[in-house]
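Please load the model in your viewer and keep the residue numbering to hand. The tour goes from stop to stop, saying what to select and what is found there.

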Amino acid sequence: MTLQEWFGLDDRVAVVTGGTGALGSAMAAGLAAAGARVAVLSRHPDDDGDHLALAADVLRRDEVAAARDRVLAEWGRVDILVNAAGGNVPGATLDPGASVFDLPEDAFRDVVDLNLVGTLLPTQVFGAAMAGEGAIVNVSSMASARAITRVIGYGAAKAAVENVTRWLAVELAPGIRVNAIAPGFFVGEQNRALLVDPDGALTERGRAIIERTPAGRFGEADELAGTLVWLCSPAARFVTGTVVAVDGGFGAFAGV
C-alpha cells in the first residue's frame, strides 16, 4: 500500500460535533486535509464554505437526527464520527480553596450530560447510519485518569467517556471501530482564564501544569490532527477500544 492508501481519507464522509471549538475545528481541518468531506455540527455553526455546517445541540436527539438526515441527503453516507463536543462548565469548576461540598448539583449534572450524553447520543444517531466499516473517535482528557483539582465533574465525565469508548468498541465490532483521544492541556476559550492571565503570563495553575509537562508547553490544537487521521484511516483498521494520549508527556510524569 502507498502512504496515501494507508492514511488517506478520500471519499470518506466525516461528522465532527463541537466542530467550531478550538480543538474541534482543528480536527475538522485535519480530516479535510486528509481528503474527507467534513460536516461540522455545532449549536452556532460557522458557514465558511469549507465544511457542511450543521446546527444542532448534541443533547437534543431530534436536532442530531435532522443533522444526520442532511448529511445523508448531501453525501449519501457517514463513515467517520468525531465526538468533540464537550468541555467543562463554569459552575462545575470549584473556586480556589472551595470544598467539594460546595459543588452545585445542577452544574455537576450539566457537565456530565454535556460530555457523556453528548458523546453517546450522536454515536447512536450517526453510528446507526454507518454502512459497513466506520470509525468513531471520542474526546477524553488527562482529567479522566487522575485527580486534577477543581474539576471533579469534568474528570468524572471524561472517565465515563473512556469507559463508553471501550464498551462501544466491543459492542459495535466488527465493522465500526471506536477509539478516543485524550488531549493534555490545550488553551481554549473555556480554560484560558484558568491557565493564562490577561497580560499573557501563566497563572499559578498554568505554571504548575507546564512544570509537570515534559514537553514544557501547552499543546497546539493542530497537533491532534495526526492522531485523529491515523485512527480514522485504514492504517488503524486493527485498532479499536483504545485511548491515545496527546499530552506532551503529562500522563507519564509523576511530578518528581
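Begin with Asp-79, which is buried, with a relative accessible area of 6%. This is a predicted model, so everything on the tour is computed from predicted coordinates. Arg-77 is partly exposed, its relative accessible area being 37%.

How many salt bridges does the count come to? The count comes to 6. For another of them, select Glu-105 and Arg-109, where the closest N and O atoms are 2.9 Å apart. Both residues belong to helix H4 (residues 105-127), and because they are 4 residues apart, about one helical turn separates them. An α-helix has 3.6 residues a turn, so residues three or four places apart point the same way. Glu-105 is exposed, with a relative accessible area of 52%.

Next, select Arg-217 and Glu-223. They form a salt bridge whose closest N and O atoms are 2.7 Å apart. Arg-217 is partly exposed at 42% relative accessibility, and Glu-223 is partly exposed at 35%. Then go to Arg-60, Asp-62 and Glu-63, which salt bridges with shared partners join into one network.

Select Met-1, Leu-3, Trp-6 and Phe-7. Together they form a nonpolar patch on the surface, with about 420 Å² of accessible area. Leu-3 is part of helix H1 and counts as exposed, at 64% relative accessibility.

Move on to Asp-11, in the loop between helix H1 (3-7) and strand S1 (13-17). Asp-11 counts as exposed, at 56% relative accessibility.

Arg-150 sits in the loop between strand S5 (134-139) and H5. Its relative accessible area is 23%, so Arg-150 is partly exposed.

Now follow the chain to Ala-173 and Pro-174 and display the peptide bond from one to the other. Is this bond cis or trans? The bond is cis, with omega near -10°. Pro-174 lies in the loop between helix H5 (152-171) and strand S6 (176-183).

Go back into helix H5 and select Arg-166. Arg-166 counts as partly exposed, at 40% relative accessibility. Then show Gly-241 and Val-243: Arg-166 is in contact with both, leaving aside its neighbours within four places in sequence.

**The two sides of helix H7**

Select helix H7 (residues 204-211) and colour its buried residues, which are Arg-205, Gly-206, Ile-209 and Ile-210. These residues cover an arc of only 135° around the axis, so they are on the same side of H7. Which exposed residues does the face turned away from the buried side of H7 carry? That face carries Glu-204 and Glu-211. To see some of what covers the buried residues of H7, show helix H6 (192-195), which is included in that cover.

**An aromatic pair**

For the last stop, select Phe-185 and Phe-250. A search of the whole structure finds 1 aromatic pair. Phe-185 and Phe-250 form that pair, which is edge-to-face, with 5.1 Å from centre to centre and 70° between the planes. Phe-185 lies in the loop between S6 and H6, while Phe-250 lies in the segment after strand S7 (243-246), so the pair ties together parts that are 65 residues apart in sequence. Are these two residues buried or exposed? Phe-185 and Phe-250 are both buried.

Note on methods. Residues numbered from 1 in each chain as written. Predicted model: local features only at pLDDT ≥ 70, side-chain atom pairs only at ≥ 80, totals over all residues. Heavy atoms only, no water. Buried < 20%, exposed > 50% of the residue type's maximum accessible area, 1.4 Å probe, protein only. Salt bridge = Lys/Arg side-chain N within 4 Å of Asp/Glu carboxyl O. Patch = residues over 30% accessible without salt bridge, like charges linked within 9 Å, V, L, I, M, F, W, Y side chains within 5 Å. Areas by Shrake-Rupley, 256 points an atom, 1.4 Å probe, with all protein chains shown as cover. Arc of directions from axis to C-beta. Contact = heavy atoms within 4.5 Å. Phe/Tyr/Trp six-rings, centres within 6.5 Å; stacked < 30°, edge-to-face > 60°.
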